[in-house]
Structure formats: structure tokens, C-alpha cells
Amino acid sequence: MTLPTFPGPIDRPRRLRTTAAMRALVREHTLRPADLVLPMFVREGASENRPVSSMPGVVQHTMDSLVRAATEAVERGVGGLMLFGVPETKDAIGSGATDPKGILNLALARLRAELGDSTVLMADLCLDEFTDHGHCGMLDDAGQVDNDATLVRYRDMALAQAEAGAHLLGPSGMMDGQIAAIRDALDGAGRTDVALYAYTAKYASAFYGPFREAVDSSLTGDRRSYQQDPANGREALRELELDIAEGADLVMVKPGLPYLDVLKDVAAASPVPVGAYQVSGEYAMIEAASANGWIDRDRTVLESLLAFRRAGASTVLTYYASEVAGWLQGGLPEHLREFA
Ligand code: PBG
């Protein structure tokens, strides 16, 4: 067979893909258990775990099963735990969020007592799980989310979470000025030690669908007046600038895979570590497709997590964190070695 004539010798990048050893030598990114953060749900008054049907393998924990699953995840070396509370009763101002006896604060206190400083204990700092209208903030008389009234509630919520033992608070409500307001409240109370993981670029996304079941959300409308428009990339950088100026210690992009471009831009511009959140809908898609035998579950999971690292994430929040940390700790089987 005669090859077409080239202007010069063919460049052959395939030389670096010839053997597993050669591929390992030139691999740019890997996964470690400590890169992964496990989001967990704890339900008030529950006597047994409740499976979240749209997220096979994910449950609303009782306090005791939360402790067991958290301890296991920490033993596997995950980088941290992000806690969400599912309260029994809700009201207009989300009272359960600031009550030291509210489910999220009780769970934080219990985990801090059990785990001490052996992991980074994180708390979702948002009112949506606790409000009867399901919005992330306080509503004004017209039913709109009132930014500044919400900041007052966030400040109190931050103090309650710090008091309960959280190391790192994750404000996820997308209110303007939330990082500054919370930092000021913490510092004023002498809690300069508590760090802030800002949900910096958080989009109004359909990929949060299964999460609404996971936290028994009461929301009937949408969050488009505070979460970002999926069509926009530029404003993520504006949000980043504000969060950095206001005192964010880490910043996050959410959802994950559909927003890798945003992640990459944020990672390039950020002076602080950047995380990404592989959200409930991303998890549900992988589970549904693999349950049908349409994709190889384990490879898809690892490939998706590695993609976040490649795009610039230091940490990845993922419902697979504990499982994958276990795989990594035990040594990956031969067919998955390329991922770690
Ligand atoms: C708000 C919050 C949400 C998620 C994390 N924090 C829901 C929302 O903004 O509507 C979604 C996480 C997921 O889908 O996995 N407290």
C-alpha cells in the first residue's frame, strides 16, 4: 500500500500509548481518596434508613447509620464529609437551621464528637431544607427571596454550625454578599478558625432533580432569581472575584460535568483551591445507564471523577466518594489502573 506523501515525517504520539507502563509514566492526573468529599443526608426522627429512589445506593441516614457510614468513609481516607439535614418540621424562616437542636446541628455535633479532627467536617449552609416554601432564603411580602434578610439568617446559621463543630461551612444559597456577611459573623464571635467553602458558580440546574427527593424539598417554583443562568459563563468569574474579595477559603463550581468549561475558567483565575460538585442528577444518570447495561459503571465513575481533576478541581464532591476511596485504598483492579 502506498501512503500519501506528507510534508515531513509523521509525528507519532501513539508511541506514548504503547504499554500500560508507558501510559503510567506520562499520566498527568490521578485520583486520591483525599480528593473526594462525601455529601451525606441525615433525617430527623428516623428509626431506619430511607433509600432515595432516584439515587440508588444513597440514603437518608438515621443518626446512628450516619455515624457508621461517616466513620467508614473516613477510614477509607475521604477528604471530608458534607452534611445535609432533613428536618421533620419546616417553617417560613427555616428555624431548624439555627436551632442547636435542629437535625443538621445535632448531626454535626455528633460527628465532631466521634471523629474529632480526623476529617474535614463540612455543613451545607442554606435554608432550603428548612423552609416550608423550599427557597434558599427569606421571602418578602411579594413572595420574592429577600437577599439581605436572608443574610441575617445565614449569619446565625453559620454560628450554630460552627458551635456544633463544623470545620468548613458551604454557603450554597447564592445570595449577594453571603461570604462577607458570614465571615464577619464568625470573626465577630471569635471563630476565625472556621473556613468557608463558597458555592461560587452555582447554576439553576435541572441536574439537581434527585436531590429534591433526597431532602424532601418543598419547592414548587424555581431558583432562577438567585442561581445562575446555564447560558452564562462570564458571570462565574464575577462571582469568583466577589467571593475571593469577601473571604472565601475555597470555591466551588456546580453542577459538575456539564460545567467543566466554567470549572476550567474558575480554576485558572482562582488564587484559592477549587472544587466541583458532581450533583445528584449526574449520579442518577450513571446509575440508570449502568443498571441497563449501557455503560460500564466503575469505569464511567472513575473517568468522570478524573475529568474534574483534569479541568482543575482540587476536590470533588461526589456521592461515590466513599465507594471510590475504598477502591483506591484497596488498590484498583487491573482494568481500572489507568485511573489512579
Ligand atoms: C441547596 C443545595 C442544592 C444542592 C446542594 N445544595 C439544591 C439546590 O440548589 O436546588 C444540590 C445537590 C445535588 O443535586 O446533588 N441547599
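A polar contact is a pair of N or O atoms within 3.5 Å; within protein, one must be able to donate a hydrogen and the other to accept it, and residues adjacent in sequence count only if both atoms are side-chain atoms. The model is predicted, so local features need pLDDT of at least 70 and side-chain atom pairs count only at pLDDT 80 or more, while totals for chains, interfaces and linings use all residues. Residues are numbered from 1 along each chain as its sequence is written, and side-chain values use heavy atoms, with hydrogens and water left out.

**View 1. Residues around the ligand.** The ligand has 17 residues around it (a heavy atom within 4 Å), and Asp-128, Arg-212, Lys-254, Ser-280 and Tyr-319 come nearest. Asp-128 has a polar side-chain atom 2.7 Å from a nitrogen atom of the ligand. For Ser-172, a polar side-chain atom lies 3.4 Å from a nitrogen atom of the ligand. The side chain of Arg-212 has an N or O atom 2.7 Å from an oxygen atom of the ligand.

**View 2. Helices α3 and α4.** Helices are DSSP runs of H or I with at least four residues, strands are runs of E with at least two, and both are numbered from the N terminus. The axes of α3 (residues 103-115) and α4 (residues 147-164) come within 8 Å and cross at roughly 25°. That makes α3 roughly parallel to α4 (an angle under 35 degrees). Axes are lines fitted to C-alpha atoms over the stretch in contact, and angles run from 0 to 180 degrees between N-to-C directions. In α3, Leu-104, Asn-105, Leu-108, Ala-109 and Arg-112 meet Met-157, Ala-160, Gln-161 and Ala-164 of α4 (heavy atoms within 4.5 Å). The residues of this contact divide into 6 nonpolar, 2 polar and 1 charged.

**View 3. Helices α7 and α8.** Helix α7 (residues 234-246) packs against helix α8 (residues 260-269) at an angle of about 35°, with the axes 10 Å apart. Ala-236, Leu-237 and Leu-240 of α7 meet Val-262, Asp-265, Val-266 and Ala-269 of α8. This contact of α7 with α8 has 6 nonpolar residues, no polar ones and 1 charged.

**View 4. The cis peptide bond at Pro-255.** Lys-254 and Pro-255 are joined by a cis peptide bond, with omega about -5°. Pro-255 sits in the loop between β8 (250-254) and α8. Lys-254 is also one of the residues that come nearest to the ligand.

**View 5. The backbone at Met-174.** Met-174 is a residue other than glycine with a positive phi, near 60°. Its place is in the loop between β6 (168-171) and α5 (178-188).

Technical notes. Parallel < 35°, antiparallel > 145°, perpendicular 65-115°, else oblique. Nonpolar A, V, L, I, M, F, W, Y, C, P; charged D, E, K, R; others polar.
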